[in-house]
Amino acid sequence: MGESFQNEVKQVNRQDVEKIITEYIKPIFGFALKRCKSIHDAEDLSQDIVLKAFRALLIKEDIGDISKFIWTIAHNALSNYYRDSAKSMVGVSFDEVSELVTDPYGDVEKDDNSESIARLQSEIAYLSKLQRKIVIAYYFENRKQADIAKELDIPLGTVKWHLFEAKKELKRGMDTMRKTSELKFNPIKFHSYGVNGKVGTKSPNEFLRSALLQNICYCVRNEAKSVNEIADDLGVSPVYVETEVEFLEEYGFLKAVKDKYIVNFIINEPTAELLIMQNDMYRRAAEMFANDLYDELTSSGILDDPDIWCGQTDEPISLTESPKADRNFVLWSLIPYIAAWSGEKLMDERISFEEVATIRPDGAHNIYHASVVSDEMVLPDDYVFMKNWCGPMWKQGDYQMMWQIDSEWSDRAPIEERNISEEFERTVTLFNWEDDNLLSKSDYAWLSEHGYIKTNGDYDGHFKSAWQIVVLSTKEIKDKLIAIGDRIKEKYKDEFAALKSAYAEAALKTVPAHLKKIREYELQFLFHSDGWFLIHCIKTLLNNGKLKEPTDGQRKSLTTLIANV
């Protein structure tokens, strides 16, 4: 660059200087941009170089090699930039730790010390939070040690000790070859997550909303690690990790073990063998239970009981007749409901919910779990996947329960956009009030929007409504239905126990020791209010043609019921 100007001249006039500087503006900016920490700094540095070169060329005589002259000015200006940056942005005096970096005044062809300076900057982040505050206040803000001690409410001697220790830590860190794990280059992503229990004011997906949060948890799934160890594994600054770890610990997703942290919820990372074993277990259990349940419900005449009613219809409702839903639609709610609530006397409930659930600051009281599934995993064609599955979900009052499942066959708003507790409570309240009274227009509109009711007619004239969900209007009919499931589970209890035993033994081997009790609690619900069991019951009946796919008009109100308890 600038080779045509490398000839010897005695003195350069202003016009020639302007021509030379114009030739060098773009290369100088490229030089600065490569070595500065930001575009703004590169612009400032390049302007400084150009101005110094311009002034020097106007007054300097006997310049032999103009190119070398300009680049010497550029490197000197860059060295000043490094010194200023070290005193401010790095947060520690460059002179005090100058032995940690190479001489910035060496050969102009060297790439200077930008890498060493950047390394020193990154090491500041590995200091403890208190040491960082003291170092930044003392070196960057140029504050007196006594003032720092007063603001932090610690003795002056403590401030001096931390400054001394911080310098040692910086030196040690510069001499350390930090090793990152595979997570830096191949971060995981949670395949799914679930919640068992009460949700608080925060949506469940808020807690693990980012890749950083997920990978922090995954990094400490089996052993406790410090913030710095987590940062090294992930290849990110400890400053970012520290903030997220505090958030995760506050809400009970991480547990502090002295100065280290370990995950406080189950992260499932199953093998293909375990998933196939799980799938086969549920398939065999569902084939026994679901087929018997369907046959008894459809042959016993209980579906004609007047205490089971539903006004779901795909057609506009009549102003004179009350619609009655087809049996297939009613079975979509009854079969998973009975499967979930029957057989309670057969359950092993040695571990209570309170023993393993976490109380969170947002009012939640639940068990959280997530799963990581390899993209390379190969599963059989008949493997049953949970697609858009959520539930069973319910809210029970003194006299009634509202119960629901979301699945690939239903058509409702995403679960993260709904406040289930408030939605269910409002629906039950309006259901009871509407039995004897006309609701407001806004209430009917809200119920229609959620698929719970259908209306026809003039609100101020002849008006008709029909509930689109299944209703078990008495406790007696609810108990009769559950009793059918009880008998079937009693019939197959030995087969269920054998299936569960083999799977539970394999599943517990995949869980860290400190989380085994949570997994043991969850295993108590196998073949009960267990989403995998319920979806297999539905799939079994769909595959053998007993249960029919819902119509488009039925999907919004599918698998929803209100039951007297």
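## Close-up views of a predicted model

View 1. Glu287 and Arg283 both belong to helix α11, four residues apart, about one turn of the helix. The model shown here and in every view is predicted. The two side chains meet in a salt bridge, at 3.4 Å from N to O. Glu287 has a relative accessible area of 37%, so it is partly exposed. Arg283 is partly exposed too, with a relative accessible area of 30%. Asp280 and Arg284 form another salt bridge, at 3.6 Å from N to O. This pair also lies in helix α11 (residues 272–299), with four residues, about one turn of the helix, between the positions. Asp280 stands at 28% relative accessibility and counts as partly exposed. Arg284 stands at 42% and is likewise partly exposed. Asp280, Arg283, Arg284 and Glu287 are linked in a network of salt bridges. In total, the structure holds 24 salt bridges.

**View 2. His536 and its contacts.** His536 sits in helix α19 (residues 531–543). Its relative accessible area is 3%, so His536 is buried. Leaving aside residues up to four places away in sequence, His536 touches Asn279, Tyr282, Arg283, Ala286 and Val384. One of these contacts, Arg283, is also a member of the salt-bridge network in View 1.

**View 3. The salt bridge of Glu490 and Lys493.** The side chains of Glu490 and Lys493 meet at 3.1 Å, N to O. Glu490 is partly exposed, with a relative accessible area of 38%. Lys493 counts as partly exposed at 39% relative accessibility.

**View 4. Strand β7 and its partners.** β7 is mostly covered, with five of its seven residues buried. β1 pairs with β7 in the antiparallel sense over seven bridges. There, Ser192 stands opposite Ser371 of β7. β4 runs parallel to β7, joined by three bridges. Ile267 faces Ala370 in β7 as its opposite residue. Strand β6 (residues 358–359) runs antiparallel to β7, with two bridges between them. Thr358 has Asn366 of β7 as its bridge partner. Five residues lie between the strands in the hairpin of β6 and β7, where Gly363 takes a positive phi near 95°.

View 5. Tyr193, Phe207, Phe247, Tyr251, Phe253, Phe265 and Tyr368 form one aromatic cluster. The structure counts 28 aromatic pairs. Phe265 and Tyr368 are both buried. Phe253 also has a charge over its ring: the charged end of Arg360 sits 4.2 Å from the ring centre.

**View 6. Phe431 against Trp467.** The ring centres of Phe431 and Trp467 are 5.2 Å apart and the planes are at 80°, so this pair is edge-to-face. Phe431 lies in helix α14 (residues 420–434) and Trp467 in strand β11 (residues 463–467), so the pair ties together parts 36 residues apart in sequence. Phe431 is buried, with a relative accessible area of 10%. Trp467 is buried as well, at 5%.

**View 7. Arg426 over Trp446.** Arg426 lies over the face of Trp446. The distance to the ring centre is 4.3 Å.

**View 8. Helix α8 and its cysteines.** Helix α8 (residues 211–219) is mostly covered: seven of its nine residues are buried. They are Leu213, Gln214, Asn215, Ile216, Cys217, Tyr218 and Cys219. The buried residues of α8 pack against α9 (227–234), α10 (238–250), β2 (254–257), β3 and β4. The structure holds zero disulfides. Cys217 is in none, and the nearest cysteine sulfur, that of Cys219, is 9.8 Å away. Cys217 counts as buried at 0% relative accessibility. Elsewhere, Cys390 counts as partly exposed at 21%.

**View 9. Helix α18 and its cover.** In helix α18 (residues 516–523), the buried residues are Ile518, Arg519, Tyr521, Glu522 and Leu523. Their cover includes β1 (192–198), β4 (266–268), α13 (353–356), β7 (365–371) and α17 (493–508).

Technical notes
Residues numbered from 1 in each chain as written. Predicted model: local features only at pLDDT ≥ 70, side-chain atom pairs only at ≥ 80, totals over all residues. Heavy atoms only, no water. Buried < 20%, exposed > 50% of the residue type's maximum accessible area, 1.4 Å probe, protein only. Contact = heavy atoms within 4.5 Å. Disulfide = S-S within 2.5 Å. Phe/Tyr/Trp six-rings, centres within 6.5 Å; stacked < 30°, edge-to-face > 60°. Lys NZ or Arg CZ within 6 Å of the ring centre and 35° of its normal. Pairing = 2+ DSSP bridges. Salt bridge = Lys/Arg side-chain N within 4 Å of Asp/Glu carboxyl O.
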